[in-house]
Amino acid sequence: MNVTIKELDCYRNLSEEKKTEYINLSNYSFNLDLFPNDTMKIELKEYLYYRGRVLTLRSLLSERYLFHRLGSFISDCYPSLASFIGADIVSMDKIFKKWLVKNGKSLFKETLDIDRKKVIRSDSLLYLQRVFDYFNPVDHSFIMDNDIWNLDEINFEIRKSPIKRVRTLSFAEIPQKNIRQELKEIMLLHLKQNAVSTVNAQLSATRFFTKWLAQDNPDISSLTELSREIIEDYLMYLNTEDERKKSYRTEISHLRSIFSTASCIHEKYELADLFLISDMEKTTRTVYRSYSNEELKRLNHSLVFRHEQVARALFLHQMLGTRISETLSLTQDCIYVSAKGNSMIRIHQEKKNKVYSKPISAEITQLIQKSIEYTTSKYGKRKYIFVDDSNPDLAMPYGKIQYQIRRMIHDDDLRDDNGNLFGVGTHLWRHTYSKKLTELHVDDITIARLLGHANTSSLKHYRRMGNNIIRDETRKARTTMDEIIIDITKEWDWK
């Protein structure tokens, strides 16, 4: 009794062209006869059909040897096992480890990054756990008293980043039991109003504060007991002893938000005034950095030879001047034609939960179409242009972009104009796009609209970035971002 690849959705949903490419793999099968009885065969068939719905074809094929290894183990060690439902996973895991060692298989594997190694459980052990979890699902009803919240269990819609996966919020490290409970009530309210990333940052700031509080003011057990004197002691600690960062402005702002909500819940309105405006350190004159044309060329020449869809995403990121979250969350229906006949792109701002539009060139349109074709050919029709390989229904995670850039810089020894290795951040490309617009003397209102800004207040920072604007005014040929990228990618099939 077998289940063949061609029966599963990951193959059936491919384009006809892609099916032809994989025709030799379509008859690959999973051998259900390795399992001891008809009940288990039916269970595993159901599991394979489920995996065929949620995985890509290549990912499912990579599980084939794990499936057969699990079948051999069950046949050898559990010939009388009736079902995975209700099985003793703790005992089974121990016996599986002994069986793997006996058969010369590893219990652990190393995952390699550029500058570090991680040791995790082997794929075989993880596969057993995955199968068990499928047939023995945990109750996912949300319980507010839990110290770790699974965000998928919360019964109202929350604003999650499509590219940065925050799956849980942890209160476990809050030392004071009462404050921990108070924070849960506050955070539940904040989740209804703010993005998950903001709430997570608020919780992180509060976690650090409560640890300091437990050490320096162990008698404090509730937020309602805080005083201005305690806050002044904490500010003194941040500015004289703590060495985590140079600026605490954002962290203090998060604490103010927490205390403000607490003041309303407990009707202790003085909590909202524990931090004063003067506590917020004065910001120094902001000078944004940007890439020079030569730096752009070095980076983009290397990008051409990396993962093609990651390269497309980063080229598009530069040409649109968007935040990376906005680029990676572009949907396949983002392009439309305006009433005046102009090609426009619709961009969702996760940071503000708003949508804005801007005109795009033919080159950008072609690049987006090429990216959509790549995704569709590999994963079928999907929501996003750039998708997560392990779950194509989700947008490409920012972690993949970071890894690819870090790998590229390391492999190609990419250095800036000062001879230092490039950093990994992607926001400098947005700064560079903005700086190009100011050097081209585009008016502030237009620049703000192109960047998706609500107003022009931050544009003064972009205008400070270049000191050569006046000297460059007489130059006839200006190198724009689009021109740089198009020149570098001439060898690509844009059509």
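Predicted model: local features only at pLDDT ≥ 70, side-chain atom pairs only at ≥ 80, totals over all residues.
In the largest nonpolar core, which comprises 42 residues, the members that touch the most other members are L314, L316, L328, L330, I345, I368 and I401. At least two residues of this core are supplied by each of the helices α12 (293–303), α13 (308–320), α14 (324–328), α15 (362–379), α16 (398–412) and α17 (427–439), and likewise by the strand β8 (343–349). Helix α13 provides the largest share of this core, namely eight residues. With residues up to four places away in sequence not counted, L330 touches L316, L320, I345, R346, I347, Y384 and I385.

The largest pocket of the model has a volume of about 870 Å³. Its lining is formed by 27 residues, and those that lie nearest the centre of the pocket are Y50, D152, R167, N391 and L394. Helices α3 (38–54), α7 (123–135) and α9 (196–216) each contribute at least two residues to the lining of the largest pocket, and α3 gives the most, with four residues.

The side chain of T206 reaches the backbone oxygen of Q202 at a distance of 2.7 Å. When neighbours within four places in sequence are left aside, the contacts of T206 are with I174, L183, M187, L255 and I258.

F84, by comparison, is situated in the loop between α5 (64–77) and α6 (89–102). F84 is likewise buried, because its relative accessible area is 0%. Although F84 and T39 are 45 residues apart along the chain, their C-alpha atoms are separated by 9.4 Å. Not counting residues up to four places away in sequence, F84 touches F35, M40, E43, L44, L70, I74, M92, L128, V131, F132, F135 and N136.

Notes. Residues numbered from 1 in each chain as written. Heavy atoms only, no water. Core = buried A, V, L, I, M, F, W, Y, C linked by side-chain atoms within 4.5 Å. Buried < 20%, exposed > 50% of the residue type's maximum accessible area, 1.4 Å probe, protein only. Contact = heavy atoms within 4.5 Å. 1 Å grid on protein atoms, 1.4 Å probe; cavity = no way out; pocket = protein on both sides within 12 Å on 5 of 7 lines; lining within 4 Å. Points joined across faces, edges and corners; volume = space filled by probe spheres on them. Polar contact = N/O pair within 3.5 Å; in protein donor to acceptor, adjacent residues only side chain to side chain.
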